[in-house]
Amino acid sequence: MKIFSGIQPSGELHIGNYLAVITQWLDLQEKNDCIFCVVDWHAITVPYNSSILQQKIKEVAAIYLASGIDPEKSTIFTQSAVKEHVELAWLLNTITPVGDLQRMTQFKEKSAKHAKNICAGLLNYPVLMAADILLYQTEVVPVGQDQKQHVELAREIARRFNARFGETFILPKVQIMKIGAKIMSLTEPTKKMSKSDPDQSRISLFDTPEQIKKKIASSTTDSGHEIKYNPEEKPGISNLLTIYSLLMEKTIKDAEKDFANASYQTFKQRLSELLVEKLTPFREKKTELAQSPERIEKILKAGAEKAGIQAQATMAKVRQAMGL
Ligand code: TYM
(Lines give C-alpha, C1' and ligand atoms only; values in the text may rest on other atoms or scores of the structure.)
Protein backbone atom coordinates (compact mmCIF):
# COMPACT_ATOMS: atom_id res chain seq x y z
CA MET A 1 0.00 0.00 0.00
CA LYS A 2 1.09 3.57 -0.59
CA ILE A 3 1.45 5.55 2.66
CA PHE A 4 2.11 9.29 3.06
CA SER A 5 2.45 11.38 6.20
CA GLY A 6 4.36 14.41 7.43
CA ILE A 7 5.30 16.61 10.36
CA GLN A 8 5.85 20.36 10.41
CA PRO A 9 9.30 21.66 11.38
CA SER A 10 7.87 24.06 13.95
CA GLY A 11 8.40 24.03 17.72
CA GLU A 12 9.67 21.00 19.57
CA LEU A 13 8.44 17.54 18.61
CA HIS A 14 6.87 15.76 21.55
CA ILE A 15 5.74 12.35 22.70
CA GLY A 16 2.27 12.94 21.21
CA ASN A 17 3.81 13.15 17.73
CA TYR A 18 5.90 10.08 18.47
CA LEU A 19 3.37 7.80 20.21
CA ALA A 20 0.37 8.64 18.03
CA VAL A 21 2.03 8.93 14.65
CA ILE A 22 5.68 7.89 14.29
CA THR A 23 5.03 4.51 15.95
CA GLN A 24 2.38 3.86 13.26
CA TRP A 25 4.97 4.73 10.60
CA LEU A 26 7.43 2.24 12.09
CA ASP A 27 4.90 -0.57 11.75
CA LEU A 28 3.79 0.49 8.29
CA GLN A 29 7.28 0.84 6.80
CA GLU A 30 7.89 -2.90 7.14
CA LYS A 31 5.34 -3.94 4.52
CA ASN A 32 4.38 -0.82 2.56
CA ASP A 33 5.67 1.84 0.22
CA CYS A 34 5.99 4.76 2.67
CA ILE A 35 6.78 8.43 2.14
CA PHE A 36 7.53 10.57 5.19
CA CYS A 37 7.82 14.28 4.54
CA VAL A 38 9.09 17.27 6.50
CA VAL A 39 6.35 19.76 5.61
CA ASP A 40 8.14 23.11 5.70
CA TRP A 41 5.60 24.95 3.52
CA HIS A 42 2.95 24.22 6.14
CA ALA A 43 5.16 25.56 8.94
CA ILE A 44 5.31 29.07 7.43
CA THR A 45 1.55 29.71 7.55
CA VAL A 46 1.91 31.23 11.03
CA PRO A 47 4.69 33.61 12.19
CA TYR A 48 8.02 31.73 12.33
CA ASN A 49 11.74 32.37 12.62
CA SER A 50 13.26 32.15 9.12
CA SER A 51 16.84 32.01 10.41
CA ILE A 52 16.31 28.67 12.13
CA LEU A 53 13.90 27.01 9.68
CA GLN A 54 16.65 24.95 7.98
CA GLN A 55 17.89 23.77 11.37
CA LYS A 56 14.34 22.75 12.34
CA ILE A 57 13.92 20.80 9.09
CA LYS A 58 17.10 18.82 9.84
CA GLU A 59 15.94 18.27 13.42
CA VAL A 60 12.67 16.69 12.25
CA ALA A 61 14.55 14.50 9.76
CA ALA A 62 16.90 13.51 12.62
CA ILE A 63 13.87 12.51 14.70
CA TYR A 64 12.54 10.33 11.86
CA LEU A 65 15.91 8.56 11.72
CA ALA A 66 16.36 8.38 15.49
CA SER A 67 12.89 6.78 15.77
CA GLY A 68 13.91 4.01 13.38
CA ILE A 69 12.51 5.24 10.06
CA ASP A 70 14.85 3.55 7.63
CA PRO A 71 15.79 5.49 4.47
CA GLU A 72 16.47 2.17 2.74
CA LYS A 73 12.81 1.23 3.22
CA SER A 74 11.00 4.59 3.28
CA THR A 75 11.32 7.82 1.33
CA ILE A 76 12.21 10.82 3.54
CA PHE A 77 12.26 14.29 2.01
CA THR A 78 11.50 17.99 2.50
CA GLN A 79 8.23 19.22 0.97
CA SER A 80 9.76 22.38 -0.59
CA ALA A 81 12.27 20.25 -2.53
CA VAL A 82 9.44 18.92 -4.73
CA LYS A 83 7.78 21.91 -6.38
CA GLU A 84 4.85 19.86 -7.71
CA HIS A 85 3.26 20.16 -4.24
CA VAL A 86 2.46 23.83 -4.85
CA GLU A 87 1.44 23.32 -8.44
CA LEU A 88 -1.10 20.67 -7.44
CA ALA A 89 -2.23 22.74 -4.45
CA TRP A 90 -3.04 25.64 -6.77
CA LEU A 91 -5.02 23.42 -9.12
CA LEU A 92 -6.94 21.81 -6.25
CA ASN A 93 -7.72 25.30 -4.89
CA THR A 94 -9.83 25.86 -7.98
CA ILE A 95 -12.21 23.02 -7.05
CA THR A 96 -12.30 23.54 -3.27
CA PRO A 97 -15.17 25.62 -1.84
CA VAL A 98 -14.00 28.35 0.53
CA GLY A 99 -16.78 27.28 2.92
CA ASP A 100 -15.15 23.85 3.34
CA LEU A 101 -11.90 25.53 4.42
CA GLN A 102 -13.59 28.01 6.75
CA ARG A 103 -15.26 25.22 8.71
CA MET A 104 -11.98 23.36 9.45
CA THR A 105 -11.45 23.15 13.22
CA GLN A 106 -7.72 23.83 12.98
CA PHE A 107 -8.30 26.97 10.88
CA LYS A 108 -10.76 28.27 13.46
CA GLU A 109 -8.34 27.57 16.32
CA LYS A 110 -5.24 28.92 14.63
CA SER A 111 -6.96 32.02 13.31
CA ALA A 112 -8.23 32.77 16.82
CA LYS A 113 -4.69 32.34 18.18
CA HIS A 114 -3.07 34.50 15.47
CA ALA A 115 -6.00 36.89 15.09
CA LYS A 116 -3.82 39.78 13.82
CA ASN A 117 -2.00 37.62 11.33
CA ILE A 118 -4.42 35.44 9.37
CA CYS A 119 -2.89 34.89 5.95
CA ALA A 120 -4.63 33.23 3.01
CA GLY A 121 -2.10 30.40 3.39
CA LEU A 122 -3.58 29.48 6.76
CA LEU A 123 -7.02 29.08 5.19
CA ASN A 124 -5.62 27.15 2.21
CA TYR A 125 -3.40 24.95 4.38
CA PRO A 126 -5.63 21.84 4.00
CA VAL A 127 -5.47 22.17 0.20
CA LEU A 128 -1.67 21.98 0.32
CA MET A 129 -2.07 18.99 2.60
CA ALA A 130 -4.46 17.39 0.08
CA ALA A 131 -1.85 18.01 -2.63
CA ASP A 132 0.84 16.30 -0.48
CA ILE A 133 -1.37 13.24 -0.16
CA LEU A 134 -2.87 13.02 -3.66
CA LEU A 135 0.40 13.68 -5.50
CA TYR A 136 1.63 10.22 -4.49
CA GLN A 137 -1.63 8.32 -5.10
CA THR A 138 -1.67 7.65 -1.35
CA GLU A 139 -3.99 4.98 0.02
CA VAL A 140 -3.45 5.39 3.76
CA VAL A 141 -2.53 8.49 5.79
CA PRO A 142 -1.45 7.75 9.40
CA VAL A 143 -1.97 10.83 11.59
CA GLY A 144 -3.20 11.98 15.01
CA GLN A 145 -6.85 12.82 15.78
CA ASP A 146 -6.41 16.54 15.03
CA GLN A 147 -5.52 15.89 11.37
CA LYS A 148 -8.39 13.48 10.66
CA GLN A 149 -10.66 16.23 9.35
CA HIS A 150 -7.96 17.42 6.91
CA VAL A 151 -7.44 13.92 5.51
CA GLU A 152 -11.18 13.51 5.08
CA LEU A 153 -11.24 16.80 3.16
CA ALA A 154 -8.38 15.52 0.95
CA ARG A 155 -10.52 12.48 0.16
CA GLU A 156 -13.48 14.71 -0.69
CA ILE A 157 -11.29 16.91 -2.94
CA ALA A 158 -10.03 13.78 -4.76
CA ARG A 159 -13.58 12.52 -5.19
CA ARG A 160 -14.68 15.89 -6.58
CA PHE A 161 -11.70 16.07 -8.96
CA ASN A 162 -12.36 12.56 -10.30
CA ALA A 163 -16.05 13.34 -10.82
CA ARG A 164 -15.26 16.53 -12.73
CA PHE A 165 -12.15 15.56 -14.74
CA GLY A 166 -12.19 11.74 -14.83
CA GLU A 167 -10.56 9.07 -12.64
CA THR A 168 -7.19 10.55 -11.66
CA PHE A 169 -6.65 10.15 -7.92
CA ILE A 170 -6.83 7.25 -5.49
CA LEU A 171 -9.17 8.17 -2.60
CA PRO A 172 -7.00 8.22 0.56
CA LYS A 173 -8.10 6.83 3.92
CA VAL A 174 -7.14 8.18 7.32
CA GLN A 175 -5.57 5.87 9.92
CA ILE A 176 -5.51 6.84 13.59
CA MET A 177 -4.70 4.94 16.79
CA LYS A 178 -7.64 3.52 18.77
CA ILE A 179 -6.02 4.70 22.00
CA GLY A 180 -3.62 7.64 22.08
CA ALA A 181 -4.68 9.45 18.88
CA LYS A 182 -4.82 12.59 21.01
CA ILE A 183 -2.20 12.89 23.74
CA MET A 184 -3.17 15.68 26.10
CA SER A 185 -1.24 18.57 27.64
CA LEU A 186 0.49 17.81 30.96
CA THR A 187 -0.66 21.09 32.48
CA GLU A 188 -4.16 21.32 30.95
CA PRO A 189 -5.19 17.71 30.28
CA THR A 190 -8.42 18.67 28.53
CA LYS A 191 -6.35 20.28 25.72
CA LYS A 192 -4.11 18.42 23.28
CA MET A 193 -0.35 18.43 23.80
CA SER A 194 1.06 20.93 21.31
CA LYS A 195 4.44 21.91 19.86
CA SER A 196 3.54 25.57 20.20
CA ASP A 197 2.36 25.62 23.84
CA PRO A 198 4.61 26.38 26.86
CA ASP A 199 7.42 23.92 27.47
CA GLN A 200 6.13 22.47 30.75
CA SER A 201 2.93 21.29 28.98
CA ARG A 202 4.72 18.61 26.98
CA ILE A 203 7.53 16.07 27.03
CA SER A 204 9.77 16.87 24.07
CA LEU A 205 11.70 14.07 22.45
CA PHE A 206 15.01 15.73 23.31
CA ASP A 207 14.20 16.55 26.95
CA THR A 208 16.87 15.65 29.51
CA PRO A 209 16.10 13.19 32.35
CA GLU A 210 15.88 16.15 34.77
CA GLN A 211 13.36 17.97 32.58
CA ILE A 212 11.27 14.81 32.18
CA LYS A 213 11.18 14.14 35.93
CA LYS A 214 10.26 17.72 36.74
CA LYS A 215 7.50 17.91 34.14
CA ILE A 216 5.89 14.60 35.13
CA ALA A 217 6.13 15.40 38.84
CA SER A 218 4.34 18.73 38.35
CA SER A 219 1.82 17.49 35.74
CA THR A 220 -1.81 18.15 36.60
CA THR A 221 -3.58 15.20 38.20
CA ASP A 222 -7.11 14.90 39.49
CA SER A 223 -8.75 14.70 42.86
CA GLY A 224 -9.00 11.22 44.38
CA HIS A 225 -6.18 8.73 44.59
CA GLU A 226 -7.04 5.85 42.26
CA ILE A 227 -5.06 5.18 39.08
CA LYS A 228 -8.07 4.59 36.82
CA TYR A 229 -8.76 5.42 33.19
CA ASN A 230 -11.70 7.80 32.99
CA PRO A 231 -11.03 10.72 30.61
CA GLU A 232 -14.20 12.57 31.65
CA GLU A 233 -13.61 12.55 35.39
CA LYS A 234 -9.86 11.98 35.55
CA PRO A 235 -8.36 13.59 32.44
CA GLY A 236 -4.86 14.03 33.95
CA ILE A 237 -4.40 10.48 35.22
CA SER A 238 -6.07 9.03 32.09
CA ASN A 239 -3.59 10.86 29.89
CA LEU A 240 -0.60 9.64 31.92
CA LEU A 241 -2.00 6.09 31.84
CA THR A 242 -2.38 6.32 28.06
CA ILE A 243 1.25 7.42 27.72
CA TYR A 244 2.37 4.62 30.05
CA SER A 245 0.36 1.94 28.23
CA LEU A 246 1.69 3.01 24.80
CA LEU A 247 5.30 3.06 26.03
CA MET A 248 4.86 -0.38 27.62
CA GLU A 249 2.80 -1.69 24.67
CA LYS A 250 0.15 -2.81 27.16
CA THR A 251 -3.61 -2.39 27.24
CA ILE A 252 -5.06 0.30 29.49
CA LYS A 253 -6.58 -2.44 31.67
CA ASP A 254 -3.15 -4.02 32.23
CA ALA A 255 -1.63 -0.59 32.86
CA GLU A 256 -4.25 0.01 35.58
CA LYS A 257 -3.41 -3.35 37.15
CA ASP A 258 0.29 -2.37 37.40
CA PHE A 259 -0.75 0.46 39.74
CA ALA A 260 -3.74 -1.11 41.49
CA ASN A 261 -2.69 0.00 44.98
CA ALA A 262 -0.08 2.62 44.12
CA SER A 263 -0.13 6.33 44.91
CA TYR A 264 -0.07 9.05 42.24
CA GLN A 265 3.51 9.74 43.28
CA THR A 266 4.68 6.16 42.72
CA PHE A 267 2.92 6.06 39.36
CA LYS A 268 4.51 9.33 38.27
CA GLN A 269 7.96 8.16 39.35
CA ARG A 270 7.63 4.95 37.35
CA LEU A 271 6.37 6.85 34.31
CA SER A 272 9.31 9.29 34.52
CA GLU A 273 11.80 6.42 34.63
CA LEU A 274 10.14 4.81 31.65
CA LEU A 275 10.17 8.04 29.65
CA VAL A 276 13.84 8.63 30.48
CA GLU A 277 14.66 5.10 29.34
CA LYS A 278 12.69 5.44 26.08
CA LEU A 279 13.88 8.93 25.19
CA THR A 280 17.60 8.54 25.92
CA PRO A 281 18.27 7.02 22.46
CA PHE A 282 16.71 10.13 20.86
CA ARG A 283 19.18 12.46 22.56
CA GLU A 284 22.11 10.16 21.78
CA LYS A 285 21.13 9.84 18.14
CA LYS A 286 20.62 13.61 17.87
CA THR A 287 24.19 14.21 19.10
CA GLU A 288 25.49 11.57 16.70
CA LEU A 289 23.60 13.02 13.72
CA ALA A 290 24.61 16.59 14.61
CA GLN A 291 28.19 15.47 13.99
CA SER A 292 27.38 14.38 10.44
CA PRO A 293 24.85 16.89 9.00
CA GLU A 294 25.88 15.82 5.48
CA ARG A 295 24.33 12.38 6.17
CA ILE A 296 20.88 13.94 6.70
CA GLU A 297 21.33 16.21 3.68
CA LYS A 298 22.18 13.19 1.52
CA ILE A 299 19.14 11.24 2.72
CA LEU A 300 16.79 14.20 2.09
CA LYS A 301 18.25 14.79 -1.38
CA ALA A 302 17.90 11.15 -2.42
CA GLY A 303 14.35 11.13 -0.98
CA ALA A 304 13.40 14.27 -2.93
CA GLU A 305 14.64 12.71 -6.17
CA LYS A 306 12.58 9.57 -5.60
CA ALA A 307 9.48 11.53 -4.56
CA GLY A 308 9.94 13.94 -7.48
CA ILE A 309 9.67 11.17 -10.08
CA GLN A 310 6.33 10.03 -8.66
CA ALA A 311 5.07 13.60 -8.30
CA GLN A 312 5.90 14.37 -11.93
CA ALA A 313 4.02 11.30 -13.13
CA THR A 314 0.86 12.35 -11.25
CA MET A 315 1.15 15.95 -12.46
CA ALA A 316 1.35 14.83 -16.09
CA LYS A 317 -1.99 13.03 -15.60
CA VAL A 318 -3.53 15.99 -13.76
CA ARG A 319 -2.51 18.56 -16.39
CA GLN A 320 -3.88 16.40 -19.14
CA ALA A 321 -7.16 15.81 -17.29
CA MET A 322 -7.58 19.56 -16.69
CA GLY A 323 -6.68 20.56 -20.25
CA LEU A 324 -3.51 22.39 -19.25
P1 TYM B 1 1.74 18.46 12.93
O2 TYM B 1 3.14 18.80 12.52
O3 TYM B 1 0.99 19.44 13.73
O4 TYM B 1 1.75 17.11 13.76
C5 TYM B 1 2.39 15.95 13.27
C6 TYM B 1 1.54 14.73 13.56
O7 TYM B 1 1.39 14.57 14.98
C8 TYM B 1 0.01 14.48 15.31
N9 TYM B 1 -0.18 15.12 16.64
C10 TYM B 1 -0.66 14.48 17.71
N11 TYM B 1 -1.09 13.23 17.88
C12 TYM B 1 -1.54 12.90 19.11
N13 TYM B 1 -1.56 13.73 20.17
C14 TYM B 1 -1.15 15.01 20.04
N15 TYM B 1 -1.18 15.84 21.07
C16 TYM B 1 -0.67 15.44 18.75
N17 TYM B 1 -0.19 16.61 18.28
C18 TYM B 1 0.11 16.39 16.97
C19 TYM B 1 -0.73 15.20 14.21
O20 TYM B 1 -2.05 14.73 14.10
C21 TYM B 1 0.12 14.84 12.99
O22 TYM B 1 -0.27 13.58 12.46
N23 TYM B 1 -0.89 19.24 8.76
C24 TYM B 1 -0.07 18.28 9.44
C25 TYM B 1 1.16 17.89 8.69
C26 TYM B 1 0.93 17.46 7.28
C27 TYM B 1 0.48 16.17 6.87
C28 TYM B 1 0.43 16.24 5.44
C29 TYM B 1 0.15 15.01 7.54
C30 TYM B 1 1.09 18.21 6.17
N31 TYM B 1 0.82 17.48 5.05
C32 TYM B 1 0.01 15.14 4.70
C33 TYM B 1 -0.27 13.90 6.78
C34 TYM B 1 -0.33 13.97 5.37
C35 TYM B 1 0.36 18.88 10.78
O36 TYM B 1 0.32 20.04 10.97
O37 TYM B 1 0.89 18.00 11.67
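**Entry 1: K2**

I started with K2 and found its place in strand 1, which covers residues 2-7. I keep in mind that this is a predicted model.

Is K2 buried or exposed? I put K2 down as buried because its relative accessibility is 12%, and the cut-off for buried is under 20%.

Next I asked what the side chain of K2 reaches. I found the backbone oxygen of Y136, at 3.4 Å.

I then listed what K2 touches, leaving out residues up to four places away in sequence. My list has D33, I35, Y136, Q137, T138, E139, V140 and Q310.

**Entry 2: Q137**

Q137 was on the list for K2, and I looked it up separately. I found Q137 in the loop between helix 7 and strand 4, the strand being residues 140-142.

I noted a phi of about 50° for Q137, a positive value, although Q137 is not a glycine. I wrote myself a reminder here: most residues other than glycine have a negative phi.

Q137 has 18% relative accessibility, so I count it as buried.

**Entry 3: E249**

I looked at another positive phi. E249 is a residue other than glycine, and its phi is near 50°.

Where is E249? I found E249 in the loop between helix 10 (235-248) and helix 11 (252-258).

I wrote E249 down as exposed, because its relative accessible area is 73%. Q137, by contrast, is buried.

**Entry 4: the ligand**

I moved on to the ligand and its surroundings. There are 27 residues around the ligand, and Q8, Y125, D132, D146 and K195 come nearest.

How many of the shell residues are nonpolar, polar and charged? I got 13 nonpolar, nine polar and five charged residues.

I also checked which elements supply the shell. Strand 1, helix 1 (15-28) and helix 7 (120-134) each give at least two residues. Strand 1 is also where I found K2.

Then I went through polar atoms. In the side chain of D146, an N or O atom is 2.4 Å from an oxygen atom of the ligand. For I183, a polar backbone atom is 2.8 Å from a nitrogen atom of the ligand. For M193, a backbone N or O atom lies 2.9 Å from a nitrogen atom of the ligand.

I finished with the ligand's area: taken alone, the ligand exposes 710 Å², and the protein buries 97% of that.

**Entry 5: cysteines**

How many disulfides does a search of the whole structure find? I got zero.

I looked at C34 and found it in no disulfide; the nearest cysteine sulfur belongs to C37, 13 Å away.

I checked burial for both. C34 counts as buried because its relative accessibility is 0%. C37 counts as buried too, with relative accessibility of 0%.

**Entry 6: T78**

I followed C37 to T78, which has C37 among its contacts. T78 sits in strand 3, residues 75-78.

Leaving aside neighbours within four places in sequence, I also noted V38, D40, I57 and L300 in contact with T78. I count T78 as buried because its relative accessibility is 10%.

**Entry 7: V174**

I found V174 in strand 5. I wrote V174 down as partly exposed, because its relative accessible area is 27%.

Which residues are in contact with V174, neighbours within four places in sequence aside? I listed V141, V143, K148 and V151.

I also compared positions with D100. V174 and D100 are 74 residues apart in sequence, and their C-alpha atoms are 18 Å apart in space.

**Entry 8: K191**

My last stop was K191, in the loop between strand 5 (173-175) and helix 9 (209-217). K191 comes out as partly exposed, because its relative accessibility is 35%.

With neighbours within four places in sequence left aside, I found K191 in contact with M184, S185 and D197. I looked at D197 again: the side chains of K191 and D197 are joined by a polar contact of 3.5 Å.

I ended on a distance, C-alpha to C-alpha: K191 and S74 are 32 Å apart in space and 117 residues apart in sequence.

How values were computed. Residues are numbered from 1 along each chain as its sequence is written. This is a predicted model: local features need pLDDT of at least 70, side-chain atom pairs count only at pLDDT 80 or more; totals for chains, interfaces and linings use all residues. Side-chain values use heavy atoms; hydrogens and water are left out. Helices (H or I, at least four residues) and strands (E, at least two) are DSSP runs, numbered from the N terminus. Buried means under 20% relative accessible area, exposed over 50%, partly exposed in between (1.4 Å probe, protein chains only). A polar contact is a pair of N or O atoms within 3.5 Å; within protein, one must be able to donate a hydrogen and the other to accept it, and residues adjacent in sequence count only if both atoms are side-chain atoms. Contact means heavy atoms within 4.5 Å. A residue is near a molecule or strand if one of its heavy atoms lies within 4 Å of it. Accessible areas come from the Shrake-Rupley method with a 1.4 Å probe; for residues, only the protein chains shown count as cover. Ala, Val, Leu, Ile, Met, Phe, Trp, Tyr, Cys and Pro count as nonpolar, Asp, Glu, Lys and Arg as charged, and the others, Gly among them, as polar. A disulfide is a pair of cysteine sulfur atoms within 2.5 Å.
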